[in-house]
Amino acid sequence: MSLVRLKIKGISYSQTQNGAYALILNEVNGERKLPIVIGAFEAQSIAIALEKDIKPPRPLTHDLFKNFSDRFEIVIKQVIIHKLVDGVFYSSIICERDKVEEIIDARTSDAIALALRFDAPIFTYKAILDKAGIFLKFSSKEKDEGGDESILVDEILQEGETVEMDAGNAQPYKELSLDELRRELEKAVANEDYEKAAQLRDEISKRQ
């Protein structure tokens, strides 16, 4: 089966349902997007790994796994999203230690959070991308407002994909200046409020 390499386009939250996040993956040599609804903790962990300026004062779970693996010389070679059943994506982590490869099943959100920390490539099968991949076509105004992924999250949720999370609404941050957002981001990281930090990072990214 043919593998297609993916890259992370970003994380978005729903404009209509608080606490709903989606990870948007993009095929490397194409325009299709693969949207995956994820939990709040995983969204925070992925967002922190993407934002190099955010340094948690204590390691998150995925950071701890990376430290543990480094100590025992375990390397993640790649992550493969290998199955899609009833709207749920299944992934495998391909690891190597002492030149011996092992395949470990994992939730896709966890697998990607780890792939980021190991700089490991992310793949899926062409058949999965053909089935679940979509093209995003939005007006220039919607793109400028950063609303394309938010609209996409709502469309996914309307199709019955839901997640149980408790997260704050990022809308109040729209009133803050860029300098105020950066100061709030520093405070959130210092207080280990990574959910708030991820939302602030998203708002900062939209303005840059």
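**Note on the predicted model**

1. Asp-86 sits in the loop that joins β4 (75-85) to β5 (88-97). In this predicted model, its phi is near 50°, a positive value in a residue other than glycine.

2. Turning to the chain as a whole, the protein has eight helices and seven strands, and 50% of its 208 residues count as buried. Among the contacts with a separation of 6 or more, 60% are made by residues 24 or more positions apart. The accessible surface of the chain comes to about 11600 Å², and carbon and sulfur atoms account for 47% of that area.

3. Is helix α1 buried or exposed? Nine of its eleven residues are buried, so α1 is largely enclosed by the rest of the structure. The buried residues of α1 are Ala-40, Glu-42, Ala-43, Gln-44, Ser-45, Ile-46, Ala-47, Ile-48 and Ala-49, a list that includes the charged residue Glu-42.

4. Helix α1 (residues 40-50) packs with helix α3 (residues 108-118) at an angle of about 15°, and their axes are 9 Å apart. Because angles under 35 degrees count as roughly parallel, α1 is described as roughly parallel to α3. The crossing in which α1 passes α3 is left-handed.

5. Which residues of α1 and α3 meet? On the α1 side they are Glu-42, Ser-45, Ile-46, Ala-49 and Leu-50, while α3 contributes Ser-109, Asp-110, Ile-112, Ala-113, Leu-116 and Arg-117. Taken by class, this contact of α1 with α3 has six nonpolar, two polar and three charged residues. Of the α1 residues named here, Glu-42, Ser-45, Ile-46 and Ala-49 are also listed as buried.

6. Asp-70 lies in helix α2 (residues 61-71) and is partly exposed, with a relative accessible area of 40%.

Note on methods. Residues are numbered from 1 along each chain as its sequence is written. This is a predicted model: local features need pLDDT of at least 70, side-chain atom pairs count only at pLDDT 80 or more; totals for chains, interfaces and linings use all residues. Side-chain values use heavy atoms; hydrogens and water are left out. Axes are lines fitted to C-alpha atoms, for helices over the stretch in contact, and angles run from 0 to 180 degrees between N-to-C directions. Helices (H or I, at least four residues) and strands (E, at least two) are DSSP runs, numbered from the N terminus. Angles under 35 degrees count as roughly parallel, over 145 as roughly antiparallel, 65 to 115 as roughly perpendicular and the rest as oblique. A crossing is left-handed if the near helix is turned anticlockwise from the far one by less than a right angle, and right-handed if clockwise. Contact means heavy atoms within 4.5 Å. Buried means under 20% relative accessible area, exposed over 50%, partly exposed in between (1.4 Å probe, protein chains only). Accessible areas come from the Shrake-Rupley method with a 1.4 Å probe; for residues, only the protein chains shown count as cover.
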